[in-house]
Amino acid sequence: MDFRTLTPERPSAPPEDRSEEERLHRERPSWKDWLELRTGWWGFVRKNLNEPMPPGVGWWQTLGNLLLTLLVFQFITGFALAMYYTPSPDGAYQSVRAITYDLPGGSIVRGLHMWGSSFIVVVMVMHTLRTFFWGSYKKPRELTWLVGVLIFQVILAFSFTGYLLPWDQKAYWATVVGIRIAGTVPGVGDALMVLIGGGPEVGAYTLSRFYSIHVMLLPASLMGLILIHLFLVRKHHIAGPVVLKKGKPQPFYPAQLFKDAVVVLVGVGLLVYFAYAFPPALEGIADPTGTEFSPRPEWYFLGLYELLKVMPPGWEVVATLIAPGIVTIGMFLLPWLDRSPHRHPARRQWAIVTATLIILFIATFTLKGIIETPKHHAPAPVTSESPAEIGASATD
Amino acid sequence: MNSTNNEPLHDDQAPNPERRKFLGGLVGLINAVVVLVVLAPTVGLITAPLRDRNRKGRWVPVMDDDLAMGETREATVELEVKDGYRVTTRQYVVYIHRNRNGLLCFDPACTHLGCRIRFQEEKDRYFCPCHGGVFDSEGKVVSGPPPKPLSRHEVKSEGGKIYVFMKV
């Protein structure tokens, strides 16, 4: 074993001097050694840098790191945006307009935050699919998967609550439809709508409620869940490829961390390009009486929205609750539904086939929604197939 | 690959120290770029008020000029000011005083901790209700904790009206 290829045991000790414990206790230790003696931080860093990567681990295992980076970006940009944002119907739109058009750096920070949410959904889906197709959710990693699915749900809740905050037409009407979807839950639908929206209609309390959830409840939950997720990932180590490759595991640092950094650089580069090339816009202020606006949700909810459109009257609950509910519960329970120890896709065909069909189904409906989205969200005339009426019919 | 993964790594496959150092440097460089990319616009946005603090200001008529020699009077002006994302009407109070050298205009904030001072005509003094600061009619500290005289606005008399330069 060549110790020089590993991160040294102490920050300031040459790797060859691993046994020289007294170096730590010398009269004038370096500040790193001083801190190590009191906190053990270097041991933590070292353990993670030396984390063994099984042969075959590579680019596909970089998505989690990119996802974490993008989430930290959301936290930083969100912190700055919240300094200028006012969560009330009298100030929300005006404050977002000032952020977007008046304040220096406002457009780019809001652009990073807005595009960041889409990037996160894309990377999160890729990360989840990688874990699924590699069969990495199997024993002993069931809880890592379960916590990951919880993070998935929290991120969707982030985008739903964040979408309302600019308080423009798009934001308002997407939320009206979204909350009415909750109203289709049999029995408790009406109560659920009032509870989520803070009242019978989308208004001042909906906005403050969504804001509070978006900046307090969800970030706190996400941080806790991510810590558990990372702890479990390190505890059980990376699963490695489905077909074991020959060779010895390599330390995480530097090869794998370098791949992580390259992917982060590419992902962040794309995000910055989008934030500059397609700056965030603001539509007309939310108008609850307006009939000129055709509401559409954010693109990653379009699949659900299109499914809702093709449902015959009275069957909306299939699209609003039953289908997404089954998929969500299926995701949560996956490690217990597919209990065989085999990770190879050929040895767990039913899981692969079912998931592929669901993915194709969601992709088709999402694509249909994207294709049918009018450019620039131009105010569309209300037709009999208008989503506004569909949203309304869910409770009328 | 399960629980105990502390078995030594094979040195024949491990990267040599130079490559390790090089890749480490690259990772550090990339991280620095990524941090800069998010922090630059964010810090720019957070510190925006710093670049907005030197407001131009404007001359505002506050009252008719019928002020006698030695007299002090309180004047209230309503101004449209930019308050964040909105424009709002805000009331400002100033004290105008005429002495032999001309007009003086005082801001009603005590120079100690910013409490609102009051002028008592019969004593010809300003009194601060918070910690007992006292100023004379020309703004100088008479007693109490205030460290310096009352701050002034520029003031002028023109066409029978008194104008004050308000930095809002």
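How many bridges join β1(B) to strand β11 of chain B? Before I answer, please keep in mind that this is a predicted model, in which local features need pLDDT of at least 70 and side-chain atom pairs count only at pLDDT 80 or more, while totals for chains, interfaces and linings use all residues. Residues are numbered from 1 along each chain as its sequence is written, and chains are lettered from A and ligands numbered from 1 in the order in which they are written.

The answer is six, between β1(B) and β11 (residues 161-166), which run antiparallel; strands here are DSSP runs of E with at least two residues, and helices are runs of H or I with at least four, both numbered from the N terminus. Two strands pair if DSSP finds at least two bridges between them. Within β11(B), Lys161(B) is the bridge partner of Asp64(B).

These strands belong to an open sheet of three in chain B, ordered β1-β11-β10 with antiparallel pairing. Because β1 (58-64) and β10 (155-158) of chain B stand at the edges with a single partner strand each, one side of each is left without a neighbour in the sheet.

Turning to chain A, we find 14 helices and two strands.

Finally, the two chains meet: 31 residues of chain B are in contact with 40 residues of chain A, where contact means that the C-beta atoms, placed from the backbone, lie within 7 Å. On the side of chain B that touches chain A, the largest share, 17 residues, comes from helix α1 (residues 17-46) of chain B.
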